[in-house]
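Thanks for coming. I have one structure to show today, and I will keep to how the side chains pack.

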Amino acid sequence: MDKDILHIVNGDSFASRLETLNIPGEVAVWREMLCDGPTAEEVGGSEFVRFRESFLTTHYGLEQGQYHEQFVTELEKIKVANPTDGFVLWFEYDLFCHLNLLAAIAYLQQQAKVQPIYVICSGWEPGYEGLVGLSQLKTEDLKALYEQKVPLTSEDLKLAAEIWNVYNSGEPKDLQPYISKKSSFTYLGSCLRAHLERFADSTNGLNVLEENMLKLIDAHEIHTENQLLGYALKHQGFYGFGDLQLKKIMERLCPFYTHENGYYRLTSEGEAALSRAKNFIELIEDDTVYGRTQKYRYLYNRELNQVMART
């Protein structure tokens, strides 16, 4: 007998792939990118929708009405669902996916869903080199992951709710104790550390991703924007960002590199930033927001591995 399941998946690409696996159940698509821009604790609430719609329209060119059509309608599908065999959440190892995953779990709890919640999270997989996304896996490996799906315990659900609440508290330093917490979320600690390293370094004012992009320019003969983006996509670790997020980083870093005679080259500011000879925070400071935290209100101290308020 077919099982009564609702699958919540991390995007349209994998939703299409899931349809080919002949796994029972309905599908809702989580079309969000909560790693960027303002959020609110009540997922799908009026404040949440207002924040997200305004941000995505302003910064990513979303058209009027698209947010409701593409995301809110999927939330409504989840809200009315009552699958007797539970919810299965398909996400990946990176920060992009994990913040969406935490929000999806928070939404299920806010809607008082009592059915079992399972998580399937790709990452380090046997037979593959490096960390891999769901769509990179062979059909038989995806089916094996489904059979091995992880049921979330009450402790897991409590942990997810706490972290989502802290992400929306405006106090990123309060996330630090959760990095070492044991749970069913294999990659959560790595993602939380990656998030904290998105704050400006206390020495040169750049975060890990920004500094890494300058290192790529310095280390490779890069001719085109697409080539630079390719390197950045491959070498970003636990972030899981796409072209849109990485292009925003490139725009922010304009004072640190030039494109002359067919090559990307560091400027004197770029060289000084990489050698950590000067702090450039006032040069690149903007209104970037992570959850409820202004990025430049906090600094990351690399030696102490912790975030601290900027004075």
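This is a predicted model: local features need pLDDT of at least 70, side-chain atom pairs count only at pLDDT 80 or more; totals for chains, interfaces and linings use all residues.

The largest nonpolar core has 89 residues, and within it Trp30 and Leu89 touch the most other members. Helix H4, residues 95-110, contributes 12 residues, the most of any element. Leaving aside neighbours within four places in sequence, the contacts of Leu89 include Ile8, Leu101, Ile105, Leu108 and Val119. There is also a second, separate core of 18 residues, with Ile23, Val88, Ile120 and Leu137 among them.

Now helix H5, residues 139-147. Its buried residues are Leu142, Leu145 and Tyr146. Seen down the axis of H5, these fall within an arc of 100 degrees, so they line one face of the helix. Glu140 and Glu147, on the other side of H5, are exposed. The cover over the buried residues of H5 includes strands S1, S4 and S5 and helix H1.

On to the rings. The structure holds 14 aromatic pairs. One of them is Phe14 with Trp90, a tilted pair at 5.1 Å centre to centre and 40 degrees between the planes. Phe14 sits in helix H1 and Trp90 in strand S4, 76 residues apart. Trp90 counts as buried because its relative accessibility is 0%.

Trp30 and Phe71 have ring centres 5.0 Å apart and planes at 85 degrees, so this pair is edge-to-face. Ring pairs also link Trp30 and Phe71 with Phe48 and Tyr67 in a cluster.

Last, Lys149. It lies over the face of Tyr146, at 4.1 Å from the ring centre, and over the face of Tyr118, at 5.4 Å.

Terms used. Residues are numbered from 1 along each chain as its sequence is written. Side-chain values use heavy atoms; hydrogens and water are left out. A nonpolar core is a set of buried Ala, Val, Leu, Ile, Met, Phe, Trp, Tyr and Cys residues joined through side-chain atoms within 4.5 Å. Buried means under 20% relative accessible area, exposed over 50%, partly exposed in between (1.4 Å probe, protein chains only). Helices (H or I, at least four residues) and strands (E, at least two) are DSSP runs, numbered from the N terminus. Contact means heavy atoms within 4.5 Å. The arc is that of the directions from the helix axis to the C-beta atoms. Rings of Phe, Tyr and Trp (its six-membered ring) pair if their centres lie within 6.5 Å; planes under 30 degrees apart count as stacked, over 60 as edge-to-face and the rest as tilted. A charge sits over a ring if NZ of Lys or CZ of Arg is within 6 Å of the ring centre and within 35 degrees of the ring normal.
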